[in-house]
Amino acid sequence: MSLVVMATGGTGGHIYPAVATAKELMARGHASLLLGQRGGMEERVAAEQGLEFVGVDAGKLARSGQGLADPRQLWRAALGVVQARRVLVGRQPGAVVGYGGFASLPGILAAQSLGIPTVLHEQNALLGLTQKLAVGRAKAVGTSYQEVRGLDLQKATLVGMPVRENRLERRQALQQLGLQDGPLTLLVMGGSQGSLFLNENVPGILEGLFPGGVHGGQAVQVLHQTGPRWIEQVTPSVAHLPWYHVSPFVDAVAAWSAAHLGITRAGTSTLAEAAFHGVPLIMVPLPESAENHQFHNAVSVQQAGAGCVVEQADVTGKLGQAVLECVQPGNLAAMREAARRRAQPGAAARFADLIEHHLRSPTP
């Protein structure tokens, strides 16, 4: 059996698919570790998930003209590659797997410079910037979409989006999260780092929508993941609402297992986890996402009947009405079924199959 290195980091959308795939490979007898940015979110997640982690420097890529145009970022990126090479020479993995994002780049480029097989996972329908830098020498690319713009079809294999395929019984999830069993439960989640826009706008809208935390005679409760940067800003704004619970982080498996409806951005990882748990979504796509891919992601969910799109510019006027329409019992039940139909169970296993196909033989 081989060691497989997961080069990942930055956001949960890059990290959690790596965790799911690492655990699938470990169940098959392989060893795995996460290689990412020292001090990044990936270091914390690896510790929580019981995975080995090695941190290196990473220069941040930015689309705004800063990023690698900044000599300090160029230096950090180069230093990270050197550090990653040392790790890989010492550990001799059978493959290095890249999940996109600037934190994955040192591990992938180091592996390719050493002739170690690399496999990529592209979660969007448009090939990402860091993936473009690595795809030329990659052995294969697992994708979440049938077609990925900018990617040679001969290198692409549709595997789906790896998610942590475990659920909790709803009562257990509610207990773990400190929530009540009985109320209509809404999950507000702006990604692993939180969303300033959702943090600033959603609490007030929901407070006006559900006076006293009640709707049509039914109790309502909200679980809102703010991200660590914003928790001190959001907490005072909802302190007077006993039914509105905020946290910098939530256990995603428990949160999805408990939720009746989500209010989220529209990253592929979020949409895949919601589908696996059968949770309908009201999606507010991030307008600045590359080529507006979050909007297109969200539209596909809406067309499948599993959610509703509210563009960021329309949130004040339309989000409340969208919530009221979605929580009608008949609508909610139909949307839950549609969400379940969108799920791609087995994605981590299919991606692990692809990785195993390209593993080099262990060094004696």
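A residue is called buried when its relative accessible area is under 20%, exposed when that area is over 50%, and partly exposed in between, as judged with a 1.4 Å probe on protein chains only. By that definition Gln-92, at 32% relative accessibility, counts as partly exposed. The model is a predicted one, in which local features need pLDDT of at least 70 and side-chain atom pairs count only at pLDDT 80 or more, while totals for chains, interfaces and linings use all residues. Residues are numbered from 1 along each chain as its sequence is written, and side-chain values use heavy atoms, with hydrogens and water left out.

Gln-92 is found in the loop between helix 3 (71-91) and strand 4, where helices (H or I, at least four residues) and strands (E, at least two) are DSSP runs numbered from the N terminus. Most residues other than glycine have a negative phi. Gln-92 is not a glycine, and yet its phi is positive, at about 50°.

A pair of aromatic rings is described by the distance of the centres and the angle of the planes. Rings of Phe, Tyr and Trp (its six-membered ring) pair if their centres lie within 6.5 Å, and planes under 30 degrees apart count as stacked, over 60 as edge-to-face and the rest as tilted. Searching the whole structure on these terms finds two aromatic pairs. In one of them, the ring centres of Tyr-99 and Phe-351 are 6.0 Å apart and the planes stand at 85°, so the pair is edge-to-face. This pair links distant parts of the chain, 252 residues apart, since Tyr-99 belongs to the loop between strand 4 (95-98) and helix 4 (105-114), whereas Phe-351 belongs to helix 14 (residues 347-357). Tyr-99 and Phe-351 are both buried.

Contact in the wider sense means heavy atoms within 4.5 Å, and beyond its neighbours within four places in sequence Thr-21 is in contact with Met-6, Tyr-99, Pro-162, Ala-348, Phe-351, Ala-352 and Ile-355.

Two arginines lie over aromatic rings, a charge being said to sit over a ring if NZ of Lys or CZ of Arg is within 6 Å of the ring centre and within 35 degrees of the ring normal. Arg-164 lies over the face of Tyr-16, 3.8 Å from the ring centre, and Arg-167 lies over the face of Phe-276, also at 3.8 Å.

Two loop residues can be read together. Asn-124, in the loop between strand 5 (118-122) and helix 5 (129-134), counts as buried because its relative accessibility is 13%, and apart from residues up to four places away it touches Tyr-145, Val-148, Thr-268, His-293 and Asn-297. Ala-266, in the loop between strand 12 (261-264) and helix 10 (268-277), is buried with a relative accessible area of 0%; its contacts, counted in that way, include Asn-297, along with Leu-271, Met-283, Pro-285, Gln-294 and Ala-298.

Gln-225 lies in strand 10 (residues 218-225) and, at 4% relative accessibility, counts as buried. A polar atom of the Gln-225 side chain lies 2.9 Å from the backbone oxygen of Gly-191, and among the residues that Gln-225 contacts, beyond neighbours within four places, are Gly-191, Ser-192, Asn-199 and Phe-249.

The axes of helix 7 (residues 196-209) and helix 8 (residues 231-238) come within 10 Å and cross at roughly 5°, where axes are lines fitted to C-alpha atoms, for helices over the stretch in contact, and angles run from 0 to 180 degrees between N-to-C directions. Helix 7 and helix 8 are therefore roughly parallel, since angles under 35 degrees count as roughly parallel, over 145 as roughly antiparallel, 65 to 115 as roughly perpendicular and the rest as oblique. Leu-196, Asn-199, Glu-200 and Pro-203 of helix 7 make the contact with Gln-233, Val-234 and Val-238 of helix 8.

How values were computed. Polar contact = N/O pair within 3.5 Å; in protein donor to acceptor, adjacent residues only side chain to side chain.
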